[in-house]
Amino acid sequence: MPHAIRIHQAGGPEVLRWEEVLVPAPAAGEATIRHAAVGLNFIDVYHRTGLYPQIMPAGLGLEGAGVVEALGDGVTDLRVGDRVAYAGGPVGAYAEVRNIPAHRLLKLPDTISFETAAAMMLQGLTAAYLLRKTYRVQPGDAVLIHAAAGGVGLIACQWAKALGATVIGTVGSAAKGELAKAHGCGHVIDYSSENFSQRVREITGGEGVAVVYDGVGKDTFIGSLDSLRTMGMMVAYGNASGPVPPLDLLLLSQKGSLFVTRPTLMNYTAKRADLEALGAELFAMVGSGRVRIEVNQRYALKDAELAHRDLEARRTTGSTILLP
């Protein structure tokens with residue numbers, strides 16, 4: 001029988017269990033995928049800790065790449081043997097083999113490896129919707145990207161630079177700052193030693209940025225609002241430091257008629273056409289070389305507990321994959 005990581009209760013990394021699982025024949029509309037690589041993302045921590053509750057026992061993981069092994073009734077766009085990748089769920093990617101709705105799968109171009117795909121699908125599609133849909137970055141825009149040396153951050157910095165933006169990024173160490181600079185970040189702020197909103201004002205001549213992409217959450221939220229230009233947009237897409245407290249809407253008017261949104265990839269790719277369009281943009285950016293995907297950490301899938309500990313301790317940079 002194939003194995004998968006399962007949890008039977010919410011908690012710390014120690015709740016992750018490597019177990020045998022039964023994978024039935026795919027139901028109508030499903031495909032059976034044998035994973036070659038699985039992505040690791042901070043949202044996996046939210047599912048593990050119960051911030052995003054699940055019915056127990058549960059799997060983890062929203063992103064993977066592999067080969068189609070079987071097809072359920074009604075699936076006509078795929079064939080057994082196709083190379084595919086997916087992101088955004090349903091939860092359960094931490095598995096050697098799994099069934100998944102076929103409409104969530106994208107065929108991989110031959111130029112993109114399984115490891116690259118597993119490292120980029122969730123983070124890359126997230127960067128795609130943030131930069132091209134939530135706030136459509138224009139040439140000349142100044143943008144602030146928090147956690148610029150993280151998985152989404154490194155992709156978003158490269159992509160925003162390619163779009164002609166002035167890219168400002170925050171990091172937590174000098175080493176991460178150098179990594180962000182090497183991936184398109186024009187101005188790096190170490191928020192462990194600098195007031196990032198003040199530095200943003202200095203860099204932009206007092207105006208502020210058009211948009212803040214903030215996956216950190218509680219620790220950076222108010223400073224992010226203070227970094228925006230009049231009528232700028234705050235995009236709060238993650239909670240790495242904890243959920244943002246309740247917001248007094250009057251604060252938005254006081255700080256310059258600001259916009260705030262809390263988007264999710266699942267909403268932006270709920271329609272098949274939107275998923276395919278964002279996937280095509282991502283594949284084109286990576287295929288052209290304007291966005292480089294670098295796998296900086298690899299763990300055996302059975303060692304997911306160690307991977308989670310390193311992720312939460314901020315010992316990882318860029319993309320991380322789990323190998324079945």
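User: What helices and strands are in the protein chain, by count?
Analyst: The predicted model has 10 helices and 15 strands in the protein chain.

User: How compact is the protein chain?
Analyst: Its radius of gyration is 20 Å, close to the 20 Å that the globule rule gives for 324 residues, so the chain is as compact as a globular protein of that length.

User: And what box do the C-alpha atoms fill?
Analyst: Along the principal axes, the box is roughly 60 × 40 × 35 Å.

User: How much of the chain is buried?
Analyst: Buried residues account for 55% of the 324 residues.

User: What share of the contacts joins residues at least 24 apart?
Analyst: It is 68%, counted among contacts between residues at least 6 apart in sequence.

User: Changing topic: how far apart are the mean positions of the positive and negative charges?
Analyst: They are 3 Å apart, for 30 positive and 31 negative charges.

User: Now aromatics. How many aromatic pairs does a search of the whole structure find?
Analyst: The search finds 3 aromatic pairs. One of them is Tyr-129 with Tyr-268, which is stacked, at 4.6 Å centre to centre and 20 degrees between the planes.

User: Why does that pair tie together parts of the chain?
Analyst: Tyr-129 belongs to helix 2 (residues 114-134) and Tyr-268 to helix 8 (residues 265-268), so the pair links parts that are 139 residues apart in sequence.

User: Is Tyr-129 buried or exposed?
Analyst: Tyr-129 is buried, because its relative accessible area is 1%, and buried means under 20%. Tyr-268, at 25% relative accessibility, counts as partly exposed.

User: Which residues form an aromatic cluster?
Analyst: Phe-42, Tyr-46 and Tyr-52 form one.

User: Last topic, Ala-70. Where does Ala-70 lie?
Analyst: Ala-70 is in strand 4, which covers residues 63-71. With a relative accessible area of 24%, Ala-70 is partly exposed.

User: Which residues is Ala-70 in contact with, leaving aside neighbours within four places in sequence?
Analyst: Ala-70 contacts Pro-26, Ala-31, Thr-32 and Val-80.

User: What separates the C-alpha atoms of Ala-70 and Asn-99?
Analyst: The separation is 9.0 Å, and the two residues are 29 residues apart along the chain.

Key
Residues are numbered from 1 along each chain as its sequence is written. This is a predicted model: local features need pLDDT of at least 70, side-chain atom pairs count only at pLDDT 80 or more; totals for chains, interfaces and linings use all residues. Side-chain values use heavy atoms; hydrogens and water are left out. Helices (H or I, at least four residues) and strands (E, at least two) are DSSP runs, numbered from the N terminus. Buried means under 20% relative accessible area, exposed over 50%, partly exposed in between (1.4 Å probe, protein chains only). Contact means heavy atoms within 4.5 Å. The radius of gyration is taken over C-alpha atoms; the globule rule is 2.2 Å times the number of residues to the power 0.38. Lys and Arg count as positive and Asp and Glu as negative; His and the chain ends are not counted. The place of a charge is taken as NZ of Lys, CZ of Arg, CG of Asp or CD of Glu. Rings of Phe, Tyr and Trp (its six-membered ring) pair if their centres lie within 6.5 Å; planes under 30 degrees apart count as stacked, over 60 as edge-to-face and the rest as tilted.
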